[in-house]
Every structure is written in structure tokens, then in C-alpha cells.
Amino acid sequence: MTATSKQDIQPATPNAAVQAILNRLATRAMGLTGADIERIVRQARLKARRQKRSIRYEDIEDGIRMDRPQVPYDLRWRFAIHESGHAVVHHALRLGPIHGLNIDSPGGGGYSQLGFTASGSDTLGYREDMLAMLMAGRAAEQIVVGSVSAGSGGSDDSNLARATKLALAMERSLGFGAIQPLLYRDDRDPTAVLDGNPDLAARVHARLEKALARAGETLTENRDGL
């Protein structure tokens, strides 16, 4: 038996064309779980085996798209503008790498996979940059389409929900509040806190308005990129 060197068993590095295909599939699959991907690949292999051929790109792509309803063009266009808004502001404010954007996510709508670079200083300015990025999808819709959709809100993990929680934390637990900033409050139910404190709600909303305006200004300055 001939010994196998460590170099002999190293996986081959995919060429540029193969890597481009893998990147495209990975982008299309954003938002899917590992179990979803396993099921799609397994079904694609079975399909190829039945037809006595090799697995193709289209087999995987069809599997990713299989359970998703058709979306009208104008709505897909709005998804694209919305997600591009997040990406452009994310890049302009140097928040980190952009891994991919998708306007065909499993739950409907768009999906952004954005990375964040640890700057070493979690300052008020950094949190304000984050707020602007979260509000940028809504700002992009207003600039390009001329109106906004409900796509920014509607769920606990939506952009508006995340931005509201961040702005509330800036006021109440991160030490950046306009009133008694040294007090720490752990708000487990932001809705109840805001509904019960109109003055606090007004300050949080003012932060969101400022972030939306900043996002709009950043997108206008980078309109070609958008």
C-alpha cells in the first residue's frame, strides 16, 4: 500500500466559474436553514439520478425556488430598492462587509446578509450609524419609488422593530439617554414601556426620525450606487 501524503488529499480550489456559480446559489439560498439545503440537494440528486445524468445548477436553483410564490415585478423592484438602500448606507458608513442581497427570500420580501466590523469603540456615533442603516431601506423606497411600503415593519425582527429597540436602549440602558443617562433600565417589553411613557416615546421617535433623515442624505450622496 502506498502512503498518501497530506498534499494528496487537499480539496481542489474551485476555479472562478465554479466559484461564481456557488456564490450565486449561496445568495439565492440566504434565509434557508441547513435542513432546507440538505433537502433541496437530496431532491436534486434524486431528480438527476432518475434522468440518468449529472446534477445541474438548475436542479438546485429550482429546488430553492420551488415553494416560493411568484411575486409581481413592481413588488420585486421595490424589494430590490429597499435592500440596496441598506447595503449602500452600510457601505458608505463603513459598518463592515456586504455578503449578499436577496429579493426572493423564503418568507417573502428581501433579505440582506451584512457583516459588521468591530471597530473597538462602541460609541454613540457607531450606534447612530446602525440606526441609519436600519432605516435606509425605507429611505431608499421614498427616494426612488416616491412612497414607502409596510416592508420595514410588521414583525418583531423587522427593521422598524430592531431600530426602535436600539433607540430605546440608547435612551435607557447604553448610557446615551437625553435624561438621566447614567441610570440603567432593562426593558424586557419595549411596547409597554413606550406606550406607558409618552415623553420617552417621543425621544425614541426623534432618534428614528434623525436616523431616517441621515439615511436619506447618505443615499442621495450615493445615488449612483443606489
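Which helices cover the buried residues of H6? Among them are helix H4 (73-92), helix H5 (124-144), helix H7 (190-195) and helix H8 (198-221). The model is predicted: local features need pLDDT of at least 70, side-chain atom pairs count only at pLDDT 80 or more, and totals for chains, interfaces and linings use all residues. Residues are numbered from 1 along each chain as its sequence is written, and side-chain values use heavy atoms, with hydrogens and water left out.

**View 1. Helix H6 and its span.** Helix H6 covers residues 159-172. Helices (H or I, at least four residues) are DSSP runs, numbered from the N terminus. At 1.5 Å a residue, the 14 residues of H6 should span 20 Å; the expected span is 1.5 Å times one less than the number of residues. The end C-alpha atoms of H6 are 20 Å apart, which agrees.

**View 2. The buried residues of H6.** Of the 14 residues in H6, 10 are buried, so the helix is largely enclosed by the rest of the structure. Buried means under 20% relative accessible area (1.4 Å probe, protein chains only). The buried residues include Asn159, Leu166, Met170 and Arg172.

**View 3. H5 against H6.** These helices pack at an angle of about 160°, with their axes 9 Å apart. Axes are lines fitted to C-alpha atoms over the stretch in contact, and angles run from 0 to 180 degrees between N-to-C directions. H5 and H6 are therefore roughly antiparallel to each other (an angle over 145 degrees). From H5, residues including Leu124, Met130 and Arg138 take part in the contact (heavy atoms within 4.5 Å). From H6, Asn159, Ala163 and Met170 are among the residues they meet. By class, this contact of H5 with H6 has 10 nonpolar, 1 polar and 4 charged residues. Ala, Val, Leu, Ile, Met, Phe, Trp, Tyr, Cys and Pro count as nonpolar, Asp, Glu, Lys and Arg as charged, and the others, Gly among them, as polar.

**View 4. H4 against H5.** Here the packing angle is about 135°, and the axes of H4 and H5 lie 7 Å apart. Trp77, Arg78 and His90 of H4 are among the contact residues, as are Ala132, Glu141 and Val144 of H5. The contact of H4 with H5 divides into 9 nonpolar, 5 polar and 3 charged residues.

**View 5. Arg78 in H4.** Arg78 sits in helix H4. Arg78 is buried, with a relative accessible area of 15%. Not counting residues up to four places away in sequence, Arg78 touches Glu141, Val145, Ser147, Val148 and Ser149.

Conventions. Helix = DSSP H or I, 4+ residues; strand = E, 2+ residues; numbered from the N terminus. Buried < 20%, exposed > 50% of the residue type's maximum accessible area, 1.4 Å probe, protein only. Parallel < 35°, antiparallel > 145°, perpendicular 65-115°, else oblique.
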